[in-house]
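Student: I would like to learn how to read the features of a structure. Could you take me through them by example?

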Amino acid sequence: MSLLNRLALALLASCFSFHLISVPSLAFSDEFHQCLTEMIPSELVYGQSSTNFTDVLVSSIKNPKFFTNTTVRPVCIVTPTNSWHVQAAVFCGRWHGVRLRVRSGGHDYEGLSYRSCRPEVFVVVDLTNLRSISVNEGDSTAWVDSGATIGELYYHIAKNNSQIAFPAGECPSIGVGGHFSGGGIGMLMRKYGLSVDRIVDAKVVTANGDLLDRAGMGEDLFWAIRGGGGGNFGIVLSWKIQLVRVPPTVAVFSIPKTLEQGAIETLTKWQYIGPSLPNDLSIRAKVQGQQAVFLAVYLGTCSSLVPMMDRLFPELNMTSADCRSMTWLESAALSYGSLAKTGTLEEVLLSRGSSLSYYTKIKSDYVQRPIASCTWKNIFAWFKKDGAGYIMLEPHGGFMCTVPSAATPYPHRKGVLYVIQYITFWQGDGGKAPTSWLASFYDFMGDYVSQNPRQAYVNFRDLDIGQNTVGSENDVSSFESGQVWGERYFMGNYRRLAAVKAAVDPTDYFRNEQSIPPLRQQLE
């Protein structure tokens with residue numbers, strides 16, 4: 001950035017302190033656009049009239065139901081290439097009353113990183129260009145930008161050293177920024193915890209336009225950004241992570257069980273076994289149609305895994321023929337739903353392609369008591385119905401039980417057996433049966449999952465469980481309205497998150513339909 005622009009940026013910063021025009025107009029959005037282009041190269045700013053606006057907007061949209069003629073879209077998209085550009089977007093937005101939404105990978109299940117459910121003038125800051133990954137093997141750390149995907153992260157940390165890894169999710173195209181902001185569950189969490197359990201520093205642009213690292217932001221904000229959900233407290237540009245060690249090779253298996261082969265009995269036993277297995281082994285279960293598939297990654301060899309399974313989980317009837325040996329990086333490139341190989345490491349982990357082929361709707365639950373086999377029989381009946389999707393069950397236990405529920409905003413630790421992800425999908429106009437099936441099945445499951453509150457995972461965002469209301473007088477999201485959904489995601493940590501929000505963003509500049517509201521007591 002030129003000296004002139006830096007001086008302009010500093011001058012603009014000094015002209016306001018939490019200044020925000022509460023009801024922006026399209027005229028203000030035009031002035032905002034002019035402000036941006038005076039500080040950011042014009043080729044990085046895409047207004048709705050830009051020929052490439054739609055291409056940039058759709059570039060990481062994963063769900064076509066959020067890309068329709070009625071979707072409330074941003075007035076422009078900013079694609080920063082450095083931290084100054086992000087600061088300029090915040091300064092211009094605050095000055096002209098235009099809110100920002102932040103997108104890294106576009107996997108937000110409700111699309112709130114790039115669309116609004118209500119009429120609103122807003123801008124998307126798309127972090128795709130901020131995707132640098134720098135590995136320090138000397139101290140086993142790495143800095144990764146929020147615009148990188150977890151596939152890119154895996155590839156860059158492990159391509160030259162098969163014994164380095166990081167605990168994060170199973171879908172390579174997920175953006176680091178959103179994934180880390182919500183906690184980051186994955187196949188290594190029983191051994192090494194969530195992604196946020198291995199974050200040691202970060203760089204964030206706050207609602208006041210300041211660029212802060214951990215020392216500058218303080219421990220409260222550093223706590224909040226590690227699991228408190230994306231788009232709440234500022235724009236996290238990069239994360240310093242502690243890498244972990246894995247053996248030169250790992251073992252994986254995928255074993256299906258039909259009802260005739262004992263799927264119900266095996267699932268029932270899995271609920272007891274999965275969370276209590278040695279930490280080096282994680283077995284998740286997928287239920288679809290009239291079968292369950294058990295998908296495992298073991299930080300060890302097939303020769304040790306097979307007798308272990310025979311001893312601890314004989315119902316699975318695993319044999320050496322079921323087991324495959326590979327590097328951890330190769331296992332990270334396998335298909336999420338089947339552990340099948342779908343391409344080369346580069347094709348799978350480095351692809352940022354987006355598809356609008358399937359509409360989806362996702363919900364989540366946490367299970368704290370094993371579900372009885374008779375209930376599993378009833379559950380399988382749901383998968384015979386019209387519009388049925390599938391569920392993925394991911395075990396907790398292991399390292400997860402050793403972390404206090406308040407250590408990070410992600411509270412679902414000790415006492416959780418597994419998390420359920422409900423997934424339904426359809427094409428074209430065929431969404432009535434799948435969405436009806438999901439809503440009814442979710443209601444049915446209410447008696448068998450966590451209660452008071454019925455817990456949910458913020459990275460499996462679900463607007464059905466509640467949305468914020470904004471005060472007509474103060475233009476700030478209501479703490480009480482946020483409490484409805486916030487305590488389901490964060491339980492007792494919701495209040496502390498709201499207190500942090502009040503301290504760093506009291507005017508609620510960074511907000512969406514499920515953003516953390518400021519705690520009123522902190523404002524009085």
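Predicted model: local features only at pLDDT ≥ 70, side-chain atom pairs only at ≥ 80, totals over all residues.

Student: How should I read a sheet?

Tutor: Strands of a sheet pair through backbone hydrogen bonds, either parallel or antiparallel. Helices (H or I, at least four residues) and strands (E, at least two) are DSSP runs, numbered from the N terminus. Two strands pair if DSSP finds at least two bridges between them. Here, an open sheet of seven strands has antiparallel pairing and the order S15-S12-S14-S13-S17-S18-S16. Its edge strands, each pairing on one side only, are S15 (324-326) and S16 (359-367). On average, neighbouring strands of this sheet are turned by 20° against each other, direction ignored. Such angles are taken between axes, which are lines fitted to C-alpha atoms (for helices over the stretch in contact), and run from 0 to 180 degrees between N-to-C directions.

Student: Which strands are joined to S14 by eight bridges?

Tutor: One is strand S12 (residues 250-258), which runs antiparallel to S14; the bridge partner of Thr 258 in S14 is Gln 291. Another is strand S13 (residues 281-288), also joined to S14 by eight bridges and antiparallel, with Val 287 opposite Ala 292. The hairpin of S13 and S14 has two residues between the strands, and Gly 289 in this hairpin takes a positive phi near 60°. S12 also pairs with S15, antiparallel and over three bridges; there Val 250 stands opposite Met 326.

Student: Is S14 mostly covered or mostly open?

Tutor: Buried means under 20% relative accessible area, exposed over 50%, and partly exposed in between (1.4 Å probe, protein chains only). Strand S14 (residues 291-298) is mostly covered, with seven of its eight residues buried.

Student: What is the pairing in the sheet of four strands?

Tutor: The pairing is mixed in that open sheet, and the order is S1-S2-S4-S3. S1 (45-47) and S3 (99-103) are its edge strands, each pairing on one side only. The twist from one strand to the next averages 25°. S3 and strand S4 (residues 122-126) run parallel and are joined by five bridges, with Leu 100 opposite Val 123.

Student: How many residues lie between the strands in the hairpin of S5 and S6?

Tutor: Four residues lie between them, and Ser 140 takes a positive phi near 55° in this hairpin. Strand S5 (residues 133-136) pairs with strand S6 (residues 141-145) in the antiparallel sense over four bridges. Val 135 stands opposite Ala 142 in S6.

Student: How do I read a helix such as H4?

Tutor: Start with its span: the expected value is 1.5 Å times one less than the number of residues. Helix H4 (residues 83-96) has 14 residues and reaches 20 Å from its first C-alpha to its last, close to the 20 Å expected. Of its 14 residues, 11 are buried, including Val 90, Phe 91 and Arg 94. At the N-terminal end Asn 82 caps the helix, with a side-chain oxygen 3.0 Å from the backbone nitrogen of Trp 84. After H4 comes Gly 97, whose phi is positive, near 70°.

Student: Why is Arg 311 classed as exposed, and why does Arg 413 count as buried?

Tutor: Arg 311 is exposed because its relative accessible area is 58%. This residue is in helix H10 (residues 302-312). Arg 413 counts as buried because its relative accessibility is 1%. Arg 413 is in the loop between strand S17 (390-395) and strand S18 (418-426).

Student: What should I look for around the aromatic rings?

Tutor: Look for ring pairs and for charges over ring faces. Rings of Phe, Tyr and Trp (its six-membered ring) pair if their centres lie within 6.5 Å; planes under 30 degrees apart count as stacked, over 60 as edge-to-face and the rest as tilted. The structure holds 26 aromatic pairs, and ring pairs link a cluster whose members include Trp 382, Tyr 442 and Tyr 448. A charge sits over a ring if NZ of Lys or CZ of Arg is within 6 Å of the ring centre and within 35 degrees of the ring normal. The charged end of Lys 363 sits over the ring of Tyr 442, 4.4 Å from its centre. Arg 94 lies over the face of Tyr 509, at 5.1 Å from the ring centre.

How values were computed
Residues numbered from 1 in each chain as written. Heavy atoms only, no water. Polar contact = N/O pair within 3.5 Å; in protein donor to acceptor, adjacent residues only side chain to side chain.
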